[in-house]
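Visitor: Could you show me how to read a few features of a protein model, one at a time? I would like the general idea and then the case at hand.

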Amino acid sequence: MLSIITTILVGAIGLFLFFGGAQLLLLGGSWFYIAAGGVFLAVAATGLKTPRLALRIYAGLLLFATLWSLLEVGFDIWGLEVRLLTLIAVGAWLLLPWVWRLSNNWLSDKREVLGAMGVSVAALVVSCFTSYSINGSVPSDRMAAQGQPDTGLPEMPAADWQAYGRTVGGDRYSPLDQITTKNVSHLKRAWITRTGDTQQTGEGTVAGPDQGHEFNLELTPIKVDNTLYMCTPHSQVIAMDAATGKIKWKFDPHPAEADLAKNVYLACRGVSYYRIPDEIQTGCRARIYSPVADVRMVALDAETGKPCDDFGDHGFISLRQYLGHVPHGFHFVTSPPLVAKNRVITGGWVFDNQANFEPSGAVRAFDATTGEIAWVWDAGHNPETFKPGPDDVLTRDTPNGWGVYTADTNLGLVYVPTGNSPPDNWGGSRRPFDDATSSATIALDIETGERRWTYQTVHHDLWDMDIPSGPSMVDLPDSSGQMVPALVQSTKRGEFFVLDRRTGVPVPGYPVEERAVPTAGVAPDDRISPTQPFPAAMPSLTPPDLKETDMWGATLLDQMVCRIQFRQSAYDGQFTPPHVGKTTIVYPAFYGIVDWQGITIDPQRKIMLANASYLPFRIKLDHRRTLEDPGVLPKWNGNGEEPAAKGDALSVSPDYGTPYIAYTNPWLNPLQIPCKGPVWGTLTAIDLVTKKIVWQHPVGTTRDTGPFRTHTNLPLPTGMYNIGGNIVTKGGVVFMGATADDYLRAFDLKTGEVIWSDRLPAGGQATPMSYEVNGKQYVLIAAGGHGGLATRSGDYIIAYALDDQQGAEAH
């Protein structure tokens with residue numbers, strides 16, 4: 001019976017490989033799969049009558065497949081694993097004593113298969129020693145470097161973390177050194193507090209109106225004096241004692257249910273702190289500003305948690321004002337505002353890919369004391385910076401800035417990272433001012449809103465390569481050795497632009513080149529830029545262009561499916577334009593290489609740290625009549641609420657007002673396995689002076705990526721998808737959560753070696769922070785999970801510190 005089952009199994013595999021391989025070969029792909037399918041069929045045909053011949057044929061296939069695999073990918077463990085493990089598993093089945101036997105001598109019957117499997121397994125064992133790291137170390141003199149001023153930033157006690165990136169300059173560097181590489185192994189949980197704001201029914205899944213709402217605890221708290229301040233996904237604002245985690249006060253603004261029901265993201269990355277200048281009269285001087293999910297901003301008394309009555313309407317301002325008609329879910333704020341020089345500056349998230357008549361992406365500044373509108377920067381208005389009247393409506397569908405803004409308060413400039421004029425993947429209706437200000441860093445005067453300069457990182461962006469995070473400030477030597485006030489702008493592409501933050505011009509020694517990119521296949525009623533900017537001197541985390549041999553899967557069978565899909569898709573490398581009627585591979589994709597977490601810069605040692613993710617997406621533009629004519633996708637002109645779509649339309653970007661719809665998905669095969677193999681996540685240290693990678697290592701494992709969201713798997717060191725940033729301390733320790741395997745890790749800044757870790761009770765898709773209170777340094781992370789990564793959900797705020805003996809010794 002087992003022999004009959006074996007014949008059927010081998011034959012089925014052979015048929016799948018043969019016909020799939022024939023399709024792949026006709027598409028210009030590898031011939032191996034049709035050949036392997038033919039061999040499987042030959043093995044099945046001979047297995048019952050002449051099993052020794054069948055076993056010898058299969059042994060030959062194993063040996064040949066091993067040689068072929070080594071020629072395709074060398075001793076790459078992940079490349080060999082997907083090519084050989086399926087064949088080894090079938091070989092192991094054939095070694096069973098009850099399958100295809102001729103004699104009583106098992107070894108005589110099976111020796112050829114056993115020998116061939118030994119060769120294949122030996123290749124895999126050797127490949128296990130393959131390194132995916134770039135090994136190096138920060139020079140000792142640089143590790144010891146101190147005394148560099150944090151220029152352009154307001155003074156702050158070393159013990160505090162008063163802004164999202166600690167400072168408004170966004171460097172994420174803590175000048176505390178109680179925790180060091182020598183004692184970090186003694187780091188223990190000091191306290192855990194639960195916010196009480198948890199995922200509700202219908203929340204927490206991948207975003208989309210047909211799949212619920214992403215519940216994401218992407219929070220980085222701030223710390224002022226002895227208090228931590230934070231917000232939650234449902235817009236609650238909480239103050240905690242920094243030493244104990246005890247909740248001092250909690251404020252719930254009760255966002256409108258109509259907005260919560262429509263918002264596809266439920267997230268709040270943080271709050272902002274500001275002390276109103278003494279010369280201004282107010283009864284609410286120290287304030288916490290926080291976004292509310294129903295498109296409001298609230299200002300709270302930092303001591304009591306009560307709304308500041310002289311701000312707006314008893315503590316609240318509406319961010320719908322001046323935007324005209326805003327359907328529920330089409331505009332809200334997920335990032336903390338930039339507060340400086342008595343200005344509260346914010347943009348907002350705009351519902352991607354719904355229409356080309358969406359709300360304005362204008363940047364608005366409000367008086368930090370009264371909440372009165374101070375200025376608006378509207379790229380489509382003349383003049384572009386003005387103070388709107390009560391009946392003014394800002395230009396619809398302009399590029400927006402949804403990420404965290406950063407600033408140089410000495411220069412009086414706020415730096416706004418912008419996205420696209422919607423929709424993301426078709427730009428035929430974009431106006432000149434849209435194209436001029438999209439996917440760019442915009443420098444605005446904090447007090448007046450006047451635009452000082454613009455630097456664009458993608459021209460006529462058709463790939464959703466918006467800039468998700470404001471740049472980080474750092475002073476760097478130019479090519480002549482003169483120190484220049486610079487900024488580093490990270491991008492979803494994995495590129496880093498080093499600009500003079502006064503002028504927006506690349507710093508001498510950090511040139512940018514315009515390079516030719518693919519142009520064939522752009523939609524006939526759109527256009528594409530023939531060149532795109534590339535930093536020529538800075539290291540890049542942009543992955544190499546994909547090849548058929550990069551395709552991956554759980555088995556040889558689904559890997560073949562990925563190879564077929566690769567050959568069927570439009571792909572000429574990075575910046576291949578989205579095609580009409582044909583699936584296009586987009587890589588890097590809009591989930592980043594580096595997403596909203598931005599980068600970390602050690603301003604003393606001039607080392608930049610960036611964690612990166614690698615996952616291709618696929619997109620296909622199609623004529624909208626294919627769904628509108630049969631009524632699957634309702635028509636809409638922008639009046640009233642967006643119509644409730646039906647059926648398949650829910651997985652489609654409707655792009656109302658344009659000739660097209662768009663299908664966009666992460667590139668997974670039928671087994672929901674990525675078609676691009678590991679490494680999927682890295683942490684990299686870059687020397688900003690020498691402009692070289694110091695070290696780079698895969699970060700994260702498959703520990704929590706089991707089937708059916710069981711969060712149980714072998715902890716394979718593949719590097720892992722990550723959302724959330726890292727921080728660095730004077731003590732030479734880098735801290736990072738972010739990865740989908742739910743750990744907080746500490747790394748030695750010098751080498752990148754993992755020197756401590758702690759298993760979190762939920763996903764840590766947030767950027768940690770560090771502070772000091774009562775002479776003790778703490779490291780804190782929010783662990784609440786992320787719907788997009790499908791990590792475990794929760795409401796935990798966890799603080800770590802050294803045990804008392806180690807803390808005393810550090811002092």
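Guide: Let's begin with histidine 460, which sits in the loop between E23 and E24. Helices (H or I, at least four residues) and strands (E, at least two) are DSSP runs, numbered from the N terminus. This is a predicted model, in which local features need pLDDT of at least 70 and side-chain atom pairs count only at pLDDT 80 or more, while totals for chains, interfaces and linings use all residues. Residues are numbered from 1 along each chain as its sequence is written, and side-chain values use heavy atoms, with hydrogens and water left out.

Visitor: What is the phi of histidine 460?

Guide: Most residues other than glycine have a negative phi, and most peptide bonds are trans. Histidine 460 has a positive phi, near 40°. Another such residue is alanine 738, a non-glycine with a positive phi of about 75°, placed in the loop between strand E38 (733-736) and strand E39 (743-748).

Visitor: Is histidine 460 buried or exposed?

Guide: Buried means under 20% relative accessible area, exposed over 50%, and partly exposed in between (1.4 Å probe, protein chains only). With 2%, histidine 460 is buried, and alanine 738, at 0%, is buried too. Across the protein chain, buried residues make up 62% of the 811 residues.

Visitor: How many salt bridges does the count give?

Guide: A salt bridge is a side-chain nitrogen of Lys or Arg within 4 Å of a carboxyl oxygen of Asp or Glu, and the count comes to 35. Take arginine 287 and aspartate 310, whose side chains meet at 2.8 Å, N to O. Arginine 287 lies in strand E10 (residues 286-292) and aspartate 310 in the loop between strand E11 (296-301) and strand E12 (316-318), so this pair ties together parts 23 residues apart in sequence. Arginine 287 is buried at 0%, whereas aspartate 310 is partly exposed at 31%.

Visitor: Where do lysine 492 and aspartate 464 lie?

Guide: They form a salt bridge too, with their closest N and O atoms 4.0 Å apart. Lysine 492 is in the loop between strand E25 (483-490) and strand E26 (496-500), and aspartate 464 in the loop between strand E23 (451-456) and strand E24 (472-477), so the pair ties together parts 28 residues apart in sequence. Both lysine 492 and aspartate 464 are buried. Elsewhere, salt bridges that share partners link Glu72, Arg83, Glu548, Arg563 and Arg567 in one network.

Visitor: And how should I read the overall fold?

Guide: The protein chain has 11 helices and 43 strands. The radius of gyration is taken over C-alpha atoms, and the globule rule is 2.2 Å times the number of residues to the power 0.38. For 811 residues, a compact globule would come out near 28 Å, and the chain's 28 Å agrees. Contact means heavy atoms within 4.5 Å; of the contacts with a separation of 6 or more, 64% are between residues 24 or more positions apart.
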